[in-house]
Amino acid sequence: MAEPRDNVEDGAPKEPAPDASGEGSPAGGPAGERGSPEPVVEEVSPPMWRELWQAPALVGSVVLLGAAAYLSVATRPKVDYEGLLRRGEILIEQGKPLEAIDELNARVFPFEAKGELPGAARARYYLLLARAMYQGQRQLEVDNAENHQRILRAFGDAEASGAVLEDHDRESIARTQLALGRADLAAEVAGRISDARSDRRHALLRRAIELELSRAREDYGPALRLMERMLDDPTLDDVGRAWITQRQTDVLIERGYEDEAIAKLLRELQRLGGVDDRTRAELLLSLARAYVDVGAPARALEQLGRVAALLGASDDRMGEALWLEGMALEAMGEGEDARERLLAVLVEYPSSAAVIPALLEVAQIEARLDEGESAVHHFERLVEVLLSGRRHPRVARERVVESLVARSAEVAARGRWDLARRLGRLAEDLFEDGEPTAAVLAAIARAERGMALSLMGFQNDPIGTLAGEQGRDLRSLDPATREEARRHLIAAGSMFLRHARTQVVGDYAAFGASLFLAGDSFDRAGDQSEAINAFQEYVEAFPDDPRRAEARLRLAQAFEARGETELAIEGYRSLIADAKDPATVNVGIFGDLSYVPLARLLARDGDSSNDAEAEELLRAIVDGVIVRDPDTALYRDGVFELGSLLLERGRYEEAIATLSEALERFAGDPREIEARYRLAEASRMDAQRIEEELGRAIPASEREALEATRRTRLETARDLFARTIEELSAIDGRRLGLARGEMLRNSMYFRAASVRALGDAERAVELYDEAYARFPEDPASLVALTQIVSVRLEQGDFERALVSNERAKRFFESLPEDVWDDPYLPMGRDEWEAWLNATTELAGVDDG
C-alpha cells in the first residue's frame, strides 16, 4: 500500500504565480496547468527578489526564456533532465534558494510548460521548487500567506507526481501550515516524521498545541486532542510528558477545574521521575498556581519553597515563583509582604513573563491602599508592556481593562478625578486602533467631567438640580484654569456622546443619560453648537421622558448663548405655555424657569413693543404669582433681573428700591457685586435726573428736598462704587473676566464723577488720575483725562488745564479710530461735547 499523501493543498487553490509585474502568469506556470500560451516577461535580477517576494514572482526567469527555450529544445534529440535538475539542487544545498528558483524555472520549466517533462523529472522539479521557495522565504525573512500557499501547492504537485517526501520536507510543510494557522493539518503532517527525527516531530506538535492554546477561549477541544495525540507517541520522554501535563493542567485551571488539575499534577509528579530539576520546578509552579486559585495559599507557599530549592536565583522562572508567592501572601492578608514580592519580580526579573501579572497585582494592591499615584504608575508600565507585544495567559487585555475601569470608579468616588481620568485613558490605550468598550467610554467621560467640575469649584455634579449651584461657570475662573476646565468639559461631552452611541440598542436609558450629560458638558464648555445638537436629539428621542422639559430649557438657553434670540424666545414661550396646560405633564418648574430668560431677551431684543411683556413676566415672579416662596433661586433671579430692567428703562427710583431689596434680602448671592454696581449706577443717574429738575423753576421747599435727595444719591453712588472697586480689586485679575473688568473700570470713573458732583474738585482729580493710572492703555481713560481738563477750567487754573488737555490730546491721538466703535465705553456724547467746549475755551485763552 502506498504511503498516505501529506495534506499540503487544503484551502490553497491552484493558480499560476505572478510575473515580475505582479500580474498572473499563464496557466502553464510552475504550479499551474499545461497548454497555455508561452509567457513573456522581463528578466528579474536577484536583488529584486526581496521586493517581489510579497507576491512571489517565482516564474520571472522561467518566462524570460520560455519561448526561446522551447524552440531550442524542440530540435534536440535528447535532454539531460538529471543534469538540469541537479544544478538547481546544488544551489539549494549551497544555501542559494533564489538562484535555484531562477535556474529551475529557466532551464526546466519550459519542458514542463509543454508537457514534455517526464514523470520522475516532473516530481523532482516540483519538489526542488518547493524546497527552494520554502528556504527562499525564510532567507528573506518574509511571512506571506500567498507564498505559503504556493509552497504547499508545489509540495502537493511533487507528491502527486510520485515524489517521496523526506522528513525535512514534512517539517517544512508542517511549519508552513502553522504559519497559515492550521494547527491540525500541521500536526497531521508532523505525525508522519520518522522516529529518527522524533525531536523535530515533538517540537512541531508543541508549536501546534501552543497555537491552539493561544486562540482558545471557551473551546479547548482542538488543543486537548493534539495533546492526546502527542501523549500517544511512544518516543515521547518524561520531559515531553511533563510539558503536556503542564499544559493540560493549565487548561483545567483556566476552565475552573482546579481540583482536577491538582490531582493530576500530584499523580504525574510521582510518575515522572526522570525529569530534570527545571522541568520538575515548572510542574510545581503549576501546582502552586492551582493551590492559589482554590484558596489554599499555605500549600502554594509550600510548593513554591520547593521550586526555589530546585531553581537557581538566576533562573527566570523564579519571577513566576515570586509572583505566585505574592498572590498567596495577598490571599493571606499580608498585603505589604505581597507587594514586596511582586515588586521584586519587577526589579530582579524584568524579562520574566510574570512581570505582567505582577504589575497588575501590585497596581491593584496599591489602589486598594489608596496609593493612587503609585498604582497609576504601575498600571502605566503594564499597559506599556502589553502594547509592546508581551503577553501572559493569566492577564488578558479584557481583564486589565476591567481592572482599570473599576479602579477609575474607586478613585473617582474619592474625588481623585485626575487619577480616575488617567486610569480611564490607559484602558482606552489598550484598544489601540479599535473602539473602546462602553464601560471605558463611560469611565473616561465621568472622570473628564469630574475634573472640569472640580476646577470650577463644584462639590457635587449639578446635573439634575435644576438651577444647580450658582456662579460656578467658566467666566469666574482665571484664564489658565478656564481653558483647562473647558478642555475637560469638551472631552467629557465627546466621550458621553460616544458612550451614548453604544447604548442605542442595548440600554436606551443609558443612551439618554449619556446624551443629556454630553449636552450639559458641551453647554458648560461654551460649545453651544454641540450642546444644541445633543439636546435636540434628546428632545426628539425621548418624547415622554420626564427630563424632556429640562432638555428643552437647556436647548433654549443654548440658543440664547449662541445669539439665536428668536429660537430661544420660541423655546421659552413654548415651555411657559405647556406649563399652563393641564394636559401637559413634567413641565411645571421648567416653564417657571423660562420667565426670567424670556423677559431678559424681550427687554434687549431691540423691539420696544414687547418691553411691557418683559416687565410683566418679571412682576409675575416678584409679586408672587409664579413663585410664592421668596427664598427660592427663581425669586432671586426675578428680583435681580427686574432691578436691571428698571435701570435700563431709566426708572431709577424703582430700580433703586428693587436693587436695595435684593441686596438686603440676598446677601452673599454671587450676583451681589453686580447688583451693588447697578444700584450705584441707578443712584448716580437719579442724581442727574434730579439735577435736571433743579434747573427748572420750582418752589424753594421742593428744591431743598430735591437737593438733599440728590446729595444722598451721589453719596450713595460714591460709596457703592468705592465698595465695588474694593471687592473687584480683591479678585485675581486673571479670574475677573471681561464684564467685571469693565465694571471695575467704570466704577473708578463714576466714583470720581460722583465726587466731582458733590463739589470736591481736588479729590475728583485725584480719583481721575488714579483711574488713568490703573488703565493707562484703555480708551476709556480719555474720560478721566478730559474730566480733569474740565475741573481745572472750573477752578480757573488755565495753566494746569492746558497741560492736562495736551496730555488728553496725546492719548487720544495714540488710539486707533476703531476703538470708539465700542458701545460700552463711558465716553458718551456728553463727554465728547464737554471736552470740545473745554478745548474751545482753552484755545480762546491761549489766543488771548
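Colleague: What makes the largest nonpolar core a core, and which residues have the most contacts inside it?

Modeller: In this predicted model, the largest nonpolar core has 171 residues, and those with the most contacts inside it are F379, L382 and L404. The term requires buried residues of nonpolar kinds joined through side-chain atoms within 4.5 Å. Helix α14 (residues 277-293) supplies the largest share of this core, nine residues.

Colleague: Which residues does L382 touch beyond its sequence neighbours?

Modeller: Leaving aside residues up to four places away in sequence, L382 touches I356, L359, L360 and V400. A second, separate core has 58 residues, including A113, Y125, V142 and L165.

Colleague: Why is helix α4 called largely enclosed?

Modeller: Buried means under 20% relative accessible area. Nine of the 11 residues of α4 (residues 97-107) are buried, so the helix is largely enclosed by the rest of the structure. The buried residues are P97, L98, A100, I101, D102, E103, L104, N105 and A106.

Colleague: What share of the protein as a whole counts as buried?

Modeller: Of its 848 residues, 50% count as buried. The protein exposes about 39,500 Å², of which carbon and sulfur atoms supply 48%. As to secondary structure, there are 39 helices and zero strands. Among contacts between residues at least 6 apart in sequence, 63% join residues at least 24 apart.

Colleague: Why does A363 count as buried?

Modeller: The cut-off for buried is under 20% relative accessible area. A363 has 0% relative accessibility, and therefore counts as buried. A363 lies in helix α18 (residues 355-368), and touches A375, H378 and F379, not counting residues up to four places away in sequence. F379 is also among the residues with the most contacts inside the largest nonpolar core. The C-alpha atoms of A363 and R339 are separated by 9.2 Å, the two residues being 24 residues apart along the chain.

Colleague: Why is D370 described as partly exposed, and E432 as exposed?

Modeller: Exposed means over 50% relative accessible area, and partly exposed lies between that value and the 20% limit for buried. D370 has a relative accessible area of 38%, and is therefore partly exposed. E432 has 57%, and is therefore exposed.

Colleague: Where do D370 and E432 lie, and what is the phi of D370 and of E432?

Modeller: D370 is in the loop between α18 and α19, and has a positive phi of about 60 degrees although it is not a glycine. E432 is in the loop between α21 (417-429) and α22 (438-455). E432 is likewise not a glycine, yet has a positive phi of about 45 degrees.

Colleague: What makes up the lining of the second largest pocket, by class?

Modeller: The lining has 18 charged, 13 nonpolar and five polar residues. For this count, Asp, Glu, Lys and Arg are the charged residues. The pocket has a volume of about 1,400 Å³. Of its 36 lining residues, L213, S214, H392, P393 and R394 lie nearest the centre.

Colleague: Which helix gives the most to the lining of the second largest pocket?

Modeller: Helix α12 gives the most, with six residues. At least two lining residues come from each of α10 (198-215), α12 (238-254), α14, α16 (317-331), α19 (372-387) and α20 (397-413).

Key. Residues numbered from 1 in each chain as written. Predicted model: local features only at pLDDT ≥ 70, side-chain atom pairs only at ≥ 80, totals over all residues. Heavy atoms only, no water. Buried < 20%, exposed > 50% of the residue type's maximum accessible area, 1.4 Å probe, protein only. Helix = DSSP H or I, 4+ residues; strand = E, 2+ residues; numbered from the N terminus. Contact = heavy atoms within 4.5 Å. Areas by Shrake-Rupley, 256 points an atom, 1.4 Å probe, with all protein chains shown as cover. 1 Å grid on protein atoms, 1.4 Å probe; cavity = no way out; pocket = protein on both sides within 12 Å on 5 of 7 lines; lining within 4 Å. Points joined across faces, edges and corners; volume = space filled by probe spheres on them.
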